[in-house]
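This briefing goes through one protein chain by topic. Please have the sequence and the coordinates open while reading.

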Amino acid sequence: MNTFPAIRDPGSIELLFKSIRTRDIPEKITTDYLAPIGFRRQSDVKLLELLFFLGFIDSNLMPSELWRSAAGSDEGSFASLLGKSLSKAYTKVFETYPGGKNIDGKALMTFFRQETGVSDTEAAYMVLTLQVLTD
């Protein structure tokens with residue numbers, strides 16, 4: 001089954017992306033990187049999954065070329081990089097629902113449940129995560 005990121009605190013996504021743009025490129029992205037920038041909760045580990053899913057880190061938790069391109073970028077450049085990353089990571093979603101940002105939340109719930117077999121609650125977090133990312 002496919003898996004998609006399900007971030008419990010969607011406000012943390014913007015803070016994480018700001019940190020990528022404004023901080024030095026770390027050697028490795030672990031909880032040791034997340035804690036000093038405000039991510040100390042157990043659920044914040046999901047942010048690492050998000051970064052991997054979107055291609056900001058590789059399977060060894062090392063910053064990818066996408067991370068390096070995003071580091072130091074302005075908001076417009078970052079939005080462009082993120083858009084390309086979203087198109088790639090969520091290919092199946094956008095193929096199924098070509099409406100982009102205007103995809104109906106109920107339809108997405110059904111899509112994520114069918115694709116992943118997760119609970120309604122987890123599917124709702126997947127929908128919320130995608131909605132935050134596309135805003």
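Predicted model: local features only at pLDDT ≥ 70, side-chain atom pairs only at ≥ 80, totals over all residues.

Residues are numbered from 1 along each chain as its sequence is written, and side-chain values use heavy atoms, with hydrogens and water left out.

**Nonpolar core**

- A nonpolar core is a set of buried Ala, Val, Leu, Ile, Met, Phe, Trp, Tyr and Cys residues joined through side-chain atoms within 4.5 Å; buried means under 20% relative accessible area, exposed over 50%, and partly exposed in between, with a 1.4 Å probe and protein chains only.
- The largest nonpolar core has 38 residues, and those touching the most other members are Phe17, Leu54, Phe56, Tyr90, Val93 and Phe112.
- Two or more residues of this core come from each of helix 1 (11–22), helix 2 (31–34), helix 3 (46–54), helix 4 (65–70), helix 5 (75–89), helix 7 (105–116) and helix 8 (120–134).
- Helices here are DSSP runs (H or I, at least four residues), numbered from the N terminus.
- In soluble globular proteins, nonpolar side chains tend to be buried together.
- Leaving aside neighbours within four places in sequence, Leu54 is in contact (heavy atoms within 4.5 Å) with Phe17, Leu66, Leu82, Ser85, Leu86, Ala89, Tyr90 and Leu133.
- Leu86 lies in helix 5 and is buried, with a relative accessible area of 6%.
- Beyond four places in sequence, Leu86 is in contact with Leu54, Thr91, Phe94, Leu133 and Thr134.
- Leu86 and Leu133 are 47 residues apart along the chain, and their C-alpha atoms are separated by 7.9 Å.

**Helix 7 and its ends**

- Helix 7 has twelve residues and reaches 16 Å from first to last C-alpha, close to the 16 Å expected at 1.5 Å a residue; the expected span is 1.5 Å times one less than the number of residues.
- Its buried residues are Ala107, Leu108, Met109, Phe111, Phe112, Glu115 and Thr116.
- Helix 6 (91–96) and helix 8 are among what covers the buried residues of helix 7.
- At the start of helix 7, a side-chain oxygen of Asp104 comes to within 3.2 Å of the backbone nitrogen of Lys106.
- Gly117 follows helix 7 and has a positive phi, near 75°.

**Loop between helix 6 and helix 7**

- Tyr97 lies in this loop and counts as partly exposed at 23% relative accessibility.
- Not counting residues up to four places away in sequence, Tyr97 touches Ile103, Ala107, Leu108 and Phe111.
- A polar atom of the Tyr97 side chain lies 3.3 Å from the backbone oxygen of Ala107.
- Pro98 lies in the loop between helix 6 and helix 7 as well, and counts as exposed at 71% relative accessibility.

**Other residues**

- Leu61, in the loop between helix 3 and helix 4, has a positive phi of about 65° although it is not a glycine.
- Most residues other than glycine have a negative phi.
- Leu61 counts as partly exposed, at 27% relative accessibility.
- Ser19, in helix 1, is buried with a relative accessible area of 6%; beyond four places in sequence, Ser19 is in contact with Tyr33 and Ile37.
- Thr134, in helix 8, is buried with a relative accessible area of 18%, and a polar atom of the Thr134 side chain lies 3.2 Å from the backbone oxygen of Gln131.

**Pocket and cavity**

- On a 1 Å grid over the protein atoms alone, a cavity is a set of points where a 1.4 Å probe fits but cannot get out, and a pocket is an open set with protein on both sides within 12 Å along at least five of seven lines; lining residues have an atom within 4 Å of a point.
- The largest pocket holds about 410 Å³ of space; of its 13 lining residues, Glu14, Phe17, Phe78, Leu82 and Asp135 are the closest to its centre.
- Helix 1, helix 5 and helix 8 each supply at least two residues of the pocket lining.
- The structure holds one cavity of 30 Å³ or more, and the largest cavity has a volume of about 40 Å³.
- A volume is the space filled by probe spheres set on the grid points, which are joined across faces, edges and corners.
- The largest cavity is lined by Ile7, Arg8, Asp9, Ser12, Arg41, Ser43, Asp44, Lys46 and Leu47.

Notes:
Polar contact = N/O pair within 3.5 Å; in protein donor to acceptor, adjacent residues only side chain to side chain.
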